[in-house]
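Here is a short tour for anyone meeting this structure for the first time. Have a look at the sequence and the model, then read on.

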Amino acid sequence: MILDIIITGLISGSVYALLAIGFSLIFGVARIVNIAHTAFYMLAAYCIFFVTQKAGLHPVWGMLAAFVSVTFLGLLAYKLFIDPIREHEGAVLIGTIALAIAMQEFMLLLFSGDYVSVPSLIKGYFAISGVKVFYQQLLTFAMVLVILFALWVLLMKTRLGLAIRSTAEDREVANLMGMNDSRVAMTAMGVSVGLAAITGAVIAPLTILSPFMWTHPLIMVMAVVVLGGMGSIKGSFAGAYILGFAEALVVFLIPQGAFLKGSVALSIMILVLLIRPEGLFGIAFEEER
Amino acid sequence: MKKGLAVWSVIGAVCLALTAGFPAWAADDVIKIGVIGPMNFMQGKGHWNGAVMAMEEINAKGGVQVGDKKMKIELIKADSNEFLSITDATNAMELLLTRNKADFVVGGFRTEAVLAMQDVAMDNQKIFIGCGAAHPELCTRVAKDYNRYKYFFRGTPFNSMFLVKTCFIQMATVAGILKKVLNIPKIKVAIVAEKQVWADPMVAATQKTLPKLGMEEVGVWRPSQTATDVTAELSAIESSGAHVIFTIFSASVGITFARQAGELKIPAAQVGINVEAQKEGFWDATQGMGNYVMTMNTYSRDVEVNELTKPFVQGYIDRYGEVPTYTADTYTAILRGIVPAIEKAGSLDSDKVVQAMEAGVPYKSPSGVVDYLKDEQGKPLHDLKWGPGFLTSLGVQWQDGKLVGVWPNKWQPAKGVEVTYKGVVPYKIAPWIIEKYKK
């Protein structure tokens with residue numbers, strides 16, 4: 001059972017980490033709460049479905065198509081809908097909710113609400129100490145680690161990453177230092193949506209697709225981000241695995257209560273916030289920025 | 001110029017408001033039947049498709065004889081959105097009855113939503129035939145408060161107590177086959193039910209019944225209806241040594257469970273209710289891993305319950321390219337329930353039609369004979385009678401990409417009685433189960 005919990009926790013945690021880091025990134029840089037973030041993840045999953053099941057191409061092409069098209073769509077959405085109202089946080093919140101619902105309804109029209117799935121890249125499973133693990137789960141986990149590493153390299157080792165981190169830390173000073181915060185915000189948006197798209201691409205073979213599949217991850221992502229500290233990428237990473245393992249523990253230790261896994265994870269978030277309202281790695285006072 | 005423009009704008013706005021705010025002055029010679037369901041999903045599509053087939057059949061014959069005049073049927077589609085919001089469902093019902101002025105309503109799927117929609121229909125004293133929800137409460141309300149709830153009838157499926165009874169019979173059939181073929185002395189059963197209201201009484205009933213059937217319960221698992229990973233549950237089920245997995249699924253978890261169980265080759269036969277497995281798209285949705293999954297169903301290609309079955313099923317397949325699901329029994333609800341009752345009553349008056357519907361049973365339908373139950377005190381329940389000679393449903397199994405009927409096949413409900421529907425084939429055990437137990 002311990003191995004089951006570890007494997008399930010790692011997979012769930014990795015998915016939430018990918019999504020939450022993207023969500024945190026755009027909030028940290030541009031103060032945009034992008035409710036449509038997981039809707040892009042849903043679009044990516046459907047893109048793969050279309051490419052593999054309707055066009056009959058290999059899933060790898062689907063993943064590439066998903067990443068490119070959804071990232072482009074995200075940038076377009078940012079330019080047309082979010083950038084003009086960026087200074088008004090309330091309007092951004094409402095605007096992104098509307099965008100998410102619009103995407104959901106559009107996919108509902110295109111594909112109906114019937115559940116569909118995409119084939120695994122690698123079929124079959126292997127056993128570790130009697131615990132069966134899908135090859136696809138292992139592949140997904142490996143891909144997530146690669147993506148997280150690539151993100152770390154981008155943020156820590158490149159000038160673009162430096163600009164993103166600087167803008168996230170203090171927008172005004174970054175502006176004064178010659179960084180165009182609007183361009184940085186757009187780039188951060190591209191990276192953020194790109195992460196959502198990649199998550200959709202790697203997770204699609206492990207899940208069931210429906211136009212409503214974006215809502216549960218959104219709740220979990222927001223819980224992760226709040227738990228980890230709004231705008232803190234390190235916090236999002238830690239929070240993702242804490243909640244991923246919390247979910248896994250519930251599913252394995254309380255079989256009849258498996259449906260409560262979301263509630264338990266959110267309860268943990270509330271508990272942490274009662275003790276430390278700014279989150280695990282968040283900043284207590286705005287002036288500290 | 002500006003004043004003129006303003007005046008014309010006001011006139012235009014008023015005209016728009018009048019046309020939008022008032023319902024169209026419909027001709028008096030139509031009977032409006034509302035079809036309410038989750039229209040973006042298979043269940044709602046079944047509601048609509050079945051209703052359309054009934055409407056076309058009736059209108060092709062000139063319509064319905066209401067007293068001394070013929071009236072055609074007009075359908076009104078209402079999307080209940082009940083998977084996401086009960087409020088949307090009740091709003092849709094409200095609009096159907098008050099704005100669209102539907103005379104009758106058929107449809108509904110989720111018990112939680114239908115319970116609420118039922119009240120709206122009863123407030124308006126309009127006949128509502130439920131074509132999807134199984135909870136007994138929908139009909140016990142009729143007996144408890146007849147004057148208020150008499151306008152509700154269950155169209156399909158029979159209530160969850162009978163659903164689970166049929167499932168038990170099917171499970172016992174599969175258990176019997178496993179015992180015989182694989183020499184298993186006592187069958188162990190894992191109960192897996194999605195966490196939904198309709199499944200709760202079924203879990204309790206299953207736990208009570210298994211010992212009576214000589215089987216052993218090894219555990220109960222309640223995943224979320226939208227769970228996308230059930231490997232945890234499957235690992236635990238495999239460890240428990242279950243030979244049979246009794247499934248109670250109506251949502252997407254049915255696909256996830258079947259796919260992952262098939263991929264992991266869990267050595268246990270799946271039998272029970274898996275609504276997603278009733279759809280022809282199930283095979284693709286599980287990427288072919290849903291082989292050997294058995295579920296209850298109402299219709300199956302090539303299986304004939306009576307002489308009405310094949311014309312309906314084949315007609316549906318020819319028109320829509322797939323076998324009808326049970327929600328398509330709006331066809332029967334309209335064609336054989338509402339319409340004959342209207343003609344007998346000679347009126348669209350709800351009270352008169354209710355009386356005619358109560359007196360109009362039993363009648364034959366493509367899925368069997370429809371008759372209504374009464375409670376112990378003899379009060380009408382408007383609930384469907386179950387059993388040989390009435391409605392029994394079918395057991396269907398996925399065999400190598402095809403959904404085939406496997407039950408009833410030499411079913412002996414009583415001494416000297418044997419039921420086999422035309423077109424059923426033998427049940428198949430998954431090869432990995434045979435491999436494990438033959439060793």
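This is a predicted model: local features need pLDDT of at least 70, side-chain atom pairs count only at pLDDT 80 or more; totals for chains, interfaces and linings use all residues.

How many residues of domain 1 of chain B are in contact with residues of domain 2 of chain B? On the domain 1 side there are 10 residues, and they meet 7 residues of domain 2; contact here means C-beta atoms, placed from the backbone, within 7 Å. Those domain 1 residues divide into 5 nonpolar, 3 polar and 2 charged.

Residues are numbered from 1 along each chain as its sequence is written, and chains are lettered from A and ligands numbered from 1 in the order in which they are written.

Now for chain B as a whole. The domain bounds in the table come from an automatic or database domain assignment.

| Domain of chain B | Residues |
|---|---|
| domain 1 | 30–157 + 307–384 |
| domain 2 | 161–297 + 408–438 |

The C-alpha centres of these two domains of chain B are 30 Å apart. Chain B holds 15 helices and 19 strands, which are DSSP runs numbered from the N terminus (helices are H or I, at least four residues; strands are E, at least two). Its C-alpha trace spans about 90 × 60 × 40 Å along the principal axes. Of the 439 residues in chain B, 53% are buried, that is, with 20 or more other C-beta atoms within 10 Å of their own C-beta.

Next, the largest nonpolar core, which has 231 residues. Such a core is a set of buried Ala, Val, Leu, Ile, Met, Phe, Trp, Tyr and Cys residues joined through C-beta atoms within 7 Å. Among those touching the most other members are A:A44 and B:A190. Helix α1 (residues 2–30) of chain A gives the largest share, 15 residues. Both domains of chain B contribute too, so the core lies between them.

Finally, the two chains meet through 25 residues from chain A and 28 residues from chain B. On the chain A side, β2(A) supplies the largest share, 3 residues. That side divides into 14 nonpolar, 8 polar and 3 charged residues.

Technical notes: A residue is buried if 20 or more other C-beta atoms lie within 10 Å of its own, exposed if 12 or fewer, and partly exposed in between; C-beta atoms are placed from the backbone. Ala, Val, Leu, Ile, Met, Phe, Trp, Tyr, Cys and Pro count as nonpolar, Asp, Glu, Lys and Arg as charged, and the others, Gly among them, as polar.
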